[in-house]
Amino acid sequence: MADDYLVRIGKLIRDARQHRGWTQTQLAEALGTSQSAVNRIERGNQNISLEMIARIGEALDSEIVSLGYAGPMHLRVVGGRRLSGAIDVKTSKNACVALLCASLLNKGRTVLRRVARIEEVYRLLEVLQSIGVRTRWINDGVDLELVPPAELDMGAIDAEAAVRTRSIIMFLGPLLHRMDAFKLPYAGGCDLGTRTIEPHMIALRRFGLDIAATEGLYHAQVDRSISPDHPIVLTERGDTVTENALLAAARHDGVTTIRNASSNYMVQDLCFFLEALGVKVEGVGTTTLTVHGVPTIDVDVDYSPSEDPVEAMSLLAAAVVTESELTVRRVPIEFLEIELAVLEEMGLDHDRTPEYFADNGRTRLVDLTVRPSKLEAPIDKIHPMPFPGLNIDNVPFFAAIAAVASGKTLIHDWVYDNRAIYLTDLNRLGGRLQLLDPHRVLVEGPTRWRAAEMMCPPALRPAVVVLLAMMAAEGTSVLRNVYVINRGYEDLAERLNSIGAQIEIFRDI
């Protein structure tokens, strides 16, 4: 029991240190001890006093609960405040997690620039570390370095971290080139209804991967005699399905054609990264990708993922809902053009700068300034489509935007089984949303928002939508257990505070 207590304490300290962007050596220096002592503490191999726990918490500016349980994080929001100034969009969460998985293709050193410091990334890093990949934050915790071992230790995989992220499914593509048999925990992530992995299997079977799912594990076997002999046609134009097929094709010794591929932002970033690894990819940005695989990849690579269009949409929605004038910088405009066209139809007053390139040299960015506008409900329904259509992850933000527009807006989230249901949480804050079925919501505006205390929805984008409505509501609201927001956004509360919001982070005592 005591050993279990020490292990839990050690994991809390490790997570807090990584969130701060410190190495073990930096924490040791702050505590006046040795790096080896910090290493023992984080592994649960050293007794630790309450006084030391308090000192570590103070050094890391993080609450370390003395009984070893990290209490859930909550947000206290004082609403009715106008936002102002400018804010930069962070790098793409979905691109970063794909690139972390893709680093398993490479025997050399991978450096990823300005990686999103979010819970989803931390969980993947925990999994990578557990199987032997050396990871460390460099350049004051801004960039991430990954160095793989000669052999991965899949038997030591951190199953607890793996089941908290759906991104683990993208280990399948790289791993099938590294071993003939392996086990992988079931993919987790947001609660968005039943999400089958069969489209992944249809694509990966063409590379000899066979999977049996039992007792919470995927049992994978690879038949090296099987390889694609004609184009792979994806049964759904999904982002992670396309990425898995790309990852499998990257080290296939031959040319693989992938049809009905997603051309979304994270897929494009993965293609650019594969090109940096020496893999030729034709058709980037289209639905047909031709991959010239390289059987062995052993290079030192340095890559900068591009900015996140969904975070950019979040910040634009924050300005609209709070009736603020705000400049959102480094917006990947190619992936928001449909959303902006809809907002223009609704009456949004905004302008943009000339385009410039992201650090990857490929993605087009602009700075957008949004001003308070009198919005009208759109004539047509809001519904997602594969890129270049309206992004599926941006649909929830239109629920909050439609709530401040005059008239009725139909939102049809046809992809996910139950995400539309979570949007009705806005009714607790004064919204008038009618759930027509598990996929369709009718939103009536304008809305007089009111403060409330409520639990965070278990899905990332609806959770942020609720937070934005709280920012618009006069009075003090409380949003409890916001882990799901931290999965996809880096320091969101602090960054919103920097442009005029008043959000306090707290935990239960």
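In the predicted model, helix H12 (residues 309-321) and helix H14 (residues 395-403) have axes that come within 9 Å and cross at roughly 10 degrees. H12 and H14 are therefore roughly parallel to each other, since angles under 35 degrees count as such. On the H12 side the contact is formed by Val310, Met313, Ser314, Ala317, Val320 and Val321, and on the H14 side by Phe397, Phe398, Ala400 and Ile401. By class, this contact of H12 with H14 consists of nine nonpolar residues and one polar residue, with no charged residue.

H12 also packs against helix H16 (residues 460-472), at an angle of about 25 degrees and with the axes 9 Å apart. This angle makes H12 roughly parallel to H16. The crossing of H12 and H16 is right-handed. From H12, the residues Val310, Ser314, Ala317, Ala318 and Val321 take part, and they meet Arg461, Val464, Leu468, Ala469, Met471 and Ala472 of H16. The contact of H12 with H16 comprises nine nonpolar residues, one polar residue and one charged residue. Val310, Ser314, Ala317 and Val321 of H12 are listed in the contact with H14 and also in the contact with H16.

A further helix pair is formed by H10 (residues 239-250) and H11 (residues 265-276), whose axes come within 9 Å and cross at roughly 10 degrees. H10 and H11 are therefore roughly parallel to each other, and H10 passes H11 in a right-handed crossing. H10 contributes Asp239, Thr242, Glu243, Leu246, Leu247 and Ala250 to the contact, while H11 contributes Met266, Val267, Leu270, Cys271 and Leu274. Eight nonpolar, one polar and two charged residues make up the contact of H10 with H11.

The domain assignment divides the protein into domain 1 (3-60), domain 2 (73-90 + 307-507) and domain 3 (93-303). By these bounds, domain 2 is given as two segments, 73-90 and 307-507, and domain 3 as 93-303. The centres of domain 2 and domain 3, taken over C-alpha atoms, are separated by 29 Å. In the contact between these two domains, 31 residues of domain 2 touch 27 residues of domain 3. The size of an interface is often given as the accessible area lost when the parts come together. Between domain 2 and domain 3 the buried area is about 2400 Å², and carbon and sulfur atoms give 46% of it. Of the area that domain 2 buries against domain 3, 27% is supplied by Phe387, Tyr483 and Arg487, more than by any other three residues.

Phe387 is also part of a cis peptide bond, which joins this residue to Pro388 with omega of about 15 degrees. Pro388 lies in the loop between strand S17 (364-371) and H14. A cis peptide bond likewise joins Gly445 and Pro446, where omega is about 5 degrees. The loop that holds Pro446 runs between strand S20 (440-445) and strand S21 (453-455).

Arg114 lies in the loop between strand S3 (110-112) and helix H6 (119-130).

How values were computed. Residues are numbered from 1 along each chain as its sequence is written. This is a predicted model: local features need pLDDT of at least 70, side-chain atom pairs count only at pLDDT 80 or more; totals for chains, interfaces and linings use all residues. Side-chain values use heavy atoms; hydrogens and water are left out. Axes are lines fitted to C-alpha atoms, for helices over the stretch in contact, and angles run from 0 to 180 degrees between N-to-C directions. Helices (H or I, at least four residues) and strands (E, at least two) are DSSP runs, numbered from the N terminus. Angles under 35 degrees count as roughly parallel, over 145 as roughly antiparallel, 65 to 115 as roughly perpendicular and the rest as oblique. A crossing is left-handed if the near helix is turned anticlockwise from the far one by less than a right angle, and right-handed if clockwise. Contact means heavy atoms within 4.5 Å. Ala, Val, Leu, Ile, Met, Phe, Trp, Tyr, Cys and Pro count as nonpolar, Asp, Glu, Lys and Arg as charged, and the others, Gly among them, as polar. Domain bounds come from an automatic or database domain assignment. Buried area is the accessible area (1.4 Å probe) that two parts lose on being put together, summed over both.
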